[in-house]
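Me: I would like to learn how to read a structure model, starting with one residue and then the whole chain. Where do we begin?

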Amino acid sequence: MRSKIVAGNWKMNKNLVETEVLLAELSAKLPDTKAEVMVAPTFVNLTAAVDKLKSSAIEVIAQNMHFAENGAYTGEISASMLLGIGVNTVIIGHSERRAYFGETDEILAKKVVAALAKNMRVMFCFGEELEDRKSGNHFKVVESQLKNALFSLDASAWSKIILAYEPVWAIGTGETASPEQAQEMHAFIRKTITNAYDAVIANNVSILYGGSVKPNNAVEIFSKPDVDGGLIGGASLVADDFIAIIKAIAY
Ligand SMILES: O=C(CO)COP(=O)(O)O
């Protein structure tokens with residue numbers, strides 16, 4: 001049975017003090033839930049976050065990593081470094097990494113392999129741009145993003161994969177995919193994985209939706225059968241909003 005997950009991607013927000021304040025508030029208000037709850041603070045605050053959440057059910061995850069084990073990659077962080085501070089899950093392929101840092105499908109495929117080689121969990125992000133949606137190319141684009149980065153993996157690797165469908169036009173814009181659009185794409189993703197692997201793998205992988213999820217739209221989006229939770233940006237920076245979104249997960 002696949003898990004439901006609500007993850008907060010804090011992006012480049014919150015200094016150390018702000019991180020500790022937000023984590024204290026989240027821990028204090030965390031509802032009793034069967035969903036996995038995760039937060040991804042910036043690299044420099046990961047150690048403090050792991051420490052602060054030691055006795056909490058909230059998992060600290062990373063926003064990115066490099067594919068190399070170590071070496072001359074100024075400014076980068078490896079899987080072993082994350083594992084060494086107690087971070088076992090990493091976001092790979094966020095559209096901001098693709099758009100602003102030139103991360104191609106080929107680079108992302110290497111990152112996925114490197115994380116899995118260390119037994120980390122990967123939250124793989126993908127999604128079409130507005131032009132793709134307008135031209136009706138969105139299914140093709142999503143299919144090729146999945147194929148290029150993930151479909152060379154062994155079937156056994158999929159127990160470590162979480163997918164996050166984030167249509168680029170819905171990120172930080174206040175415009176969400178409608179619950180029907182999200183469901184349609186998530187069902188397509190599951191069908192694509194069934195074709196590439198099998199139905200068991202497709203049904204066991206959690207597929208999160210991301211893109212302007214807020215307390216006022218989360219219930220409807222999460223009610224769709226193929227939507228297993230959300231990857232939340234802006235609303236995860238406000239404790240009450242993030243908590244309300246966690247509560248929107250239904251069982
Ligand atoms: O990019 C996102 C999460 O990774 C979504 O961001 P927003 O929720 O701010 O649209």
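Reply: Begin with the elements: helices (H or I, at least four residues) and strands (E, at least two) are DSSP runs, numbered from the N terminus. Proline 41 sits in the loop that joins strand E2 (36-40) to helix H2 (46-52). This is a predicted model, in which local features need pLDDT of at least 70, side-chain atom pairs count only at pLDDT 80 or more, and totals for chains, interfaces and linings use all residues. Residues are numbered from 1 along each chain as its sequence is written, and side-chain values use heavy atoms, with hydrogens and water left out.

Me: Is proline 41 buried or exposed?

Reply: Buried means under 20% relative accessible area, exposed over 50%, and partly exposed in between (1.4 Å probe, protein chains only). Proline 41 has a relative accessible area of 1%, so proline 41 is buried. Buried residues account for 52% of the 251 residues in the chain.

Me: Which residues is proline 41 in contact with, leaving aside its neighbours within four places in sequence?

Reply: Contact means heavy atoms within 4.5 Å. With those neighbours set aside, the contacts of proline 41 are Trp10, Leu46, Ala49, Val60, Ile61 and Gln63. In the chain, 71% of the contacts with a separation of 6 or more are between residues 24 or more positions apart.
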